Amino acid sequence: MPHSTLTVGSVEITVIHDTEVASPFSQSFPDVPAEAWAPYLERYPDAYTKNAGGEDSRRTHFECYLVRSQGRTLLVDTGLGTAATNPGTVTKMFGGVEGDLLANLQAAGFLPGDIDTVFLTHLHPDHVGWNITRDGGTESPTFPNARYVAHEADWSAFNTPKDSEIFGFDWWADTVTPLRQAGVLDLVSGETELTGELTITPTPGHTPGSMSMIVNSGGEKAFIMGDVFHGPAQVTETEWVFRFDMDSDQASKTRRDILERAERENAAIAICHHSGFGRVVKEQGRRYWQAL
Ligand SMILES: [Zn+2]
Ligand SMILES: [Zn+2]
């Protein structure tokens, strides 16, 4: 899949695709009536598909972002991974669909050793999938020269054995605990500057420790958000509740706040489970996603 790059001042952001699945509306947004999707199917045809059973579905992308700033090379999220790197998630939640992050990273001109920082927007199993590589009995960080950064509230929320209570399978021991054991996990508790142009800021609700990256360079801005949004329809329908939002009221508030800020600051936005970059536009008093 071709990667796309956005330049924000002197920062370069490249989408690195891991994989894609079809997620039926009824599973992802059980409280939203089927007919409410009609205007979005018409407006964003590329965002939707039918699954194998013929149900209207979201095309759920698993995207990571390669960010270059002031001589640093950062990766935002590590995707779904493979049956070797993230076995419970890939086999039990996504039916064996595997990611291609490393191949796509290489196609974009980067090797795992080039990454100095991995920022994990949150610690859900589909954002940490390539954290760890196993070679025989040995496990090691896939990005050998990187510090991995995440919010401590997600560590507290999911730290084993709690992970298996949330989705019914374990992902923690395969993807997160080994980072701690290797001494490469930095847990933060609030807004944190990663470079002079990149700040990570709390955007809670989906999980208690969800964070987004604010890119601010040369008078231009972009927000790379984790699971604040699950597709472009939620840019308009901020109250639609995604099934795995842990605090749905807070998640809706975060969506409203970040959209107001994106509009005010004319920021480009990126959503991990939707492809490409967009901007917030207003039509007849309502906000919409507009692809760049
Ligand atoms: Zn999530
Ligand atoms: Zn996700």
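Good morning. In strand 17, Arg286 is the bridge partner of Glu283. This is a predicted model, in which local features need pLDDT of at least 70 and side-chain atom pairs count only at pLDDT 80 or more, while totals for chains, interfaces and linings use all residues. Residues are numbered from 1 along each chain as its sequence is written, and chains are lettered from A and ligands numbered from 1 in the order in which they are written.

Strands here are DSSP runs of E with at least two residues, numbered from the N terminus, and two strands pair if DSSP finds at least two bridges between them. Strand 16 and strand 17, residues 286–291, are antiparallel and share six bridges. Two residues separate them in their hairpin, where Gln284 has a positive phi near 45°.

Ala270 faces Phe277 of strand 16. This hairpin has five residues between its strands, and Gly276 in the turn has a positive phi of about 75°.

What is the order of the seven strands in the open sheet? The order is 11-12-13-14-15-16-17, with mixed pairing. Strand 11 (192–195) and strand 17 are at the edges with a single partner strand each, so one side of each lacks a neighbour in the sheet.

Finally, Ala270 returns as a contact of Ile224, which also touches residues including Ile13, Tyr65 and Val76, not counting residues up to four places away in sequence. Contact requires C-beta atoms, placed from the backbone, to lie within 7 Å. Thank you.

Definitions and conventions. Helices (H or I, at least four residues) and strands (E, at least two) are DSSP runs, numbered from the N terminus. Two residues are in contact if their C-beta atoms, placed from the backbone, lie within 7 Å.
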